[in-house]
Amino acid sequence: MKRKALLLALSAALAAGCLAGCGKGSGKTDGDGGSEAGGTQADAETEVSDAAGETDKFALASGDVSLKFWCDEDEMGLFQEMIDSFIAEHKSEANIEVTIEPIGASICKDTLLGDITNGADLFSLADDQLLTLVAAGAVEPIQNGEEIAAQHLDGAVEAASVNGTMYAYPVSADNGYFLYYDKKYFDASDVETLDGVLKVCEENGKKFVMDWSSGWYLYAFFGNTGLELSLNEDGLTNSCNWNATEGDIKGVDIAQAMLDISASPAFMNNTDFVTPAKDGTAIAVVSGVWDINNMKEAFGEDYGACKLPTYTVAGKQVQMSSFTGYRLLGVNAYSKYRGWAEKLAEYLTNEDNQKLRFERAERGPSNKNAAASDALNNVPAIVAVIDQSQYGVLQKVGQNYWTPMTEFGTAMAEGNPKGVALQDLLDQMVAGITQ
């Protein structure tokens with residue numbers, strides 16, 4: 001019955017168009033950007049009543065307990081330390097063994113859905129994969145959601161929830177993008193506006209790098225303009241009026257602003273932010289906390305970071321927006337030792353361990369107390385991502401968003417080489433997004 005229910009849930013989710021991919025535009029999460037995935041809100045409410053069995057599914061077994069944990073390879077060592085401490089704390093209760101495998105957040109969803117019953121007991125995922133996993137019955141509400149919610153930032157709780165119910169444990173709150181810059185060339189006033197950034201770059205024969213092939217980054221130009229993008233109630237399709245012909249800021253105003261930016265000799269459209277920074281070509285880069293060490297290496301003691309600048313559109317300065325994201329830990333509804341898996345997930349995401357993740361890896365905490373630490377103020381990238389988050393939104397878009405944005409952004413980055421009317425380009429983009 002368990003496998004039949006699983007197959008029915010998966011069939012419903014896939015038939016509704018469960019979305020795949022993650023990404024810094026092209027498929028990476030947390031350490032590499034936001035995820036291009038989704039699921040259906042309706043299917044997310046589907047109950048798979050016997051997914052893990054209704055009897056003692058949270059019981060803490062004694063004797064031998066074997067758990068499998070998936071996470072990004074570069075986090076395996078730190079998580080192992082935490083797990084060793086957890087095992088030591090509970091050695092009188094059970095003989096716990098945890099195997100860590102390098103299945104990262106960017107491929108976790110697809111790997112798990114390939115064989116849920118043999119998947120990891122707990123795993124790392126990006127927040128926008130949660131709807132799909134809920135729809136498939138792969139995760140269920142956590143047993144002490146209200147208590148966990150009280151410990152974390154509101155945005156993290158929202159990211160870990162479906163219809164107000166928590167299905168996962170927040171572990172970090174830093175999956176967004178902002179501006180890295182070389183303080184040898186810029187002062188604080190220069191990086192307040194994109195005009196200022198480009199001017200300094202032009203004067204020094206250097207580049208400003210941003211990825212315009214990705215709808216994840218391109219949201220920056222549309223998000224705070226008064227125009228709207230939203231996921232429809234079906235959880236699959238989008239509503240979008242970015243081609244609006246009325247209002248203080250019209251679609252063509254944004255398109256023209258982007259063309260003006262790309263016309264600067266300082267502008268570079270590139271998915272590789274690291275190489276131009278390290279070889280001295282670029283002195284300003286839009287990226288996220290996953291590039292902290294790379295930017296420290298590139299800019300040395302002059303490494304700086306701040307929220308995204310404003311940009312000029314329709315004759316006014318508008319704050320660039322962003323998609324924000326969170327890293328979560330999920331527990332497999334089919335785990336043989338679900339009670340221990342949830343207990344371990346709660347432990348790995350608690351205040352002390354989030355502080356440890358910040359100290360060792362400079363990852364932004366989602367835990368309220370850990371996030372309030374004065375130590376965070378000494379890390380410019382963490383300050384920047386927190387500052388930028390007030391201008392960002394959770395990435396909740398249907399799959400049809402991505403390809404039209406890539407096509408539009410590429411055309412803008414290349415200066416609209418085919419000379420297509422901007423309104424026509426915008427209409428085509430919106431038609432694709434809302435298809």
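This is a predicted model: local features need pLDDT of at least 70, side-chain atom pairs count only at pLDDT 80 or more; totals for chains, interfaces and linings use all residues.
**Stop 1: helix 10.** Select residues 251–262. The 12 residues of helix 10 should span 16 Å at 1.5 Å a residue, and the end C-alpha atoms are 17 Å apart, so the two values agree. Now colour the buried positions: Gly251, Ile254, Ala255, Ala257, Met258, Leu259, Ile261 and Ser262.

What covers them? Show helix 8 (194–203), helix 9 (215–222) and strand 11 (267–269), which are among the covering elements.

Stop 2: The structure holds 21 aromatic pairs. Select tryptophan 216 and tryptophan 290: their pair is tilted, with 6.0 Å centre to centre and 40° between the planes. This pair links distant parts of the chain, 74 residues apart. Tryptophan 216 sits in helix 9, while tryptophan 290 is in the loop between strand 12 (282–287) and helix 12 (292–299). Tryptophan 216 has 0% relative accessibility, so it counts as buried. Tryptophan 290, at 14%, also counts as buried, because the cut-off is under 20%.

**Stop 3: the stacked pair.** Move to phenylalanine 222 and tryptophan 242. Their ring centres are 4.1 Å apart and their planes lie at 10°, so the pair is stacked. Phenylalanine 222 belongs to helix 9 and tryptophan 242 to the loop between strand 10 (238–240) and helix 10, so the pair ties together parts 20 residues apart in sequence. Both residues are buried.

Conventions
Residues are numbered from 1 along each chain as its sequence is written. Side-chain values use heavy atoms; hydrogens and water are left out. Helices (H or I, at least four residues) and strands (E, at least two) are DSSP runs, numbered from the N terminus. The expected span of a helix is 1.5 Å times one less than its number of residues. Buried means under 20% relative accessible area, exposed over 50%, partly exposed in between (1.4 Å probe, protein chains only). Contact means heavy atoms within 4.5 Å. Rings of Phe, Tyr and Trp (its six-membered ring) pair if their centres lie within 6.5 Å; planes under 30 degrees apart count as stacked, over 60 as edge-to-face and the rest as tilted.
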